[in-house]
Amino acid sequence: NSLLSGLQSSEGSATLSAASVTFDQHLIGDWSASITGNYSNISQRDDTVALGVDGAAGGTPANDLLEANSDIRGIDVLLNGSVPNLAGGAVKESWGGSFRSEGFRSGVSQGGNAIALSQRRDVASAYAEVIAPIVADGPRWLRRLEVSAAFRYDRYAGFGSTRNPKLGWLWEPMTGLRLKGTVGTSFKAPLLSQTGAPI
């Protein structure tokens, strides 16, 4: 019996399911709009049976059960196209918004003692980007020069909102050579599974 003390048997599984549907619509010129709906779910389970001395001798083994389920439901709306400008090129524009609902449920059962957690968070977002040519077809060392600006706003239920701008540039001194640069901020919210979950 002492040789079997501390042995354990574990069995786990993870299941992922996802679906996405997009509807595209041409508007006018090169302007178009799209609406995308998506859903994803991940279910995880781990069942551990610890065989102590009593378990090896035919007693009741200690069972530990861990479960975690997360899901995301969302919809995105995007509008993009271009308008001419004085540089001879076209100013490209993108405007969009999204809404998603995130859910997380987890549970731990150890020897008959259970701990459960259920959380949900809604996130609403709006974003825009503009790419404007300063020089569309210039002389050598300045064949192309363009600047870009983008802005994103996210509103998280539970802990407020974030605003993140980004500026960029592209310089093409000669055909085949492009130099790019960007500066901006970003924000990544913690996953619901990272905010107090027992797993």
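Predicted model: local features only at pLDDT ≥ 70, side-chain atom pairs only at ≥ 80, totals over all residues.
Residues are numbered from 1 along each chain as its sequence is written, and side-chain values use heavy atoms, with hydrogens and water left out. Local features need pLDDT of at least 70 and side-chain atom pairs count only at pLDDT 80 or more, whereas totals for chains, interfaces and linings use all residues.

A pair of aromatic rings is described by the distance of the centres and the angle of the planes. Rings of Phe, Tyr and Trp (for Trp, the six-membered ring) pair if their centres lie within 6.5 Å; planes under 30 degrees apart count as stacked, over 60 as edge-to-face and the rest as tilted. By this rule the model contains 3 aromatic pairs. The pair of Tyr 156 and Phe 159 is stacked, because the ring centres are 5.0 Å apart and the planes stand at 20°. Tyr 156 also pairs with Phe 187 in an edge-to-face arrangement, with 5.7 Å from centre to centre and 65° between the planes. Strands (E, at least two residues) are DSSP runs, numbered from the N terminus. Tyr 156 lies in strand β6 (residues 144-156) and Phe 187 in the segment after β8 (177-184), so this pair ties together parts that are 31 residues apart in sequence. Through ring pairs, Tyr 156, Phe 159 and Phe 187 are linked into a cluster.

Accessibility was classed by relative accessible area: buried means under 20%, exposed over 50%, and partly exposed in between (1.4 Å probe, protein chains only). Tyr 156 counts as buried because its relative accessibility is 4%. Phe 159, at 40%, counts as partly exposed, and Phe 187 is also partly exposed, at 38%.

Thr 162 is placed in strand β7 (residues 160-174) and is buried, with a relative accessible area of 12%. Beyond its neighbours within four places in sequence, Thr 162 is in contact (heavy atoms within 4.5 Å) with residues including Tyr 156 and Phe 187.

Arg 120 belongs to strand β5 (residues 113-135) and is partly exposed, at 45%. Its C-alpha atom is separated by 4.3 Å from that of Gly 103, which is 17 residues away along the chain. A polar contact is a pair of N or O atoms within 3.5 Å; within protein, one must be able to donate a hydrogen and the other to accept it, and residues adjacent in sequence count only if both atoms are side-chain atoms. The side chain of Arg 120 makes such contacts with the side chains of Asp 71, at 3.2 Å, and Ser 101, at 2.9 Å.

Methods:
Helix = DSSP H or I, 4+ residues; strand = E, 2+ residues; numbered from the N terminus.
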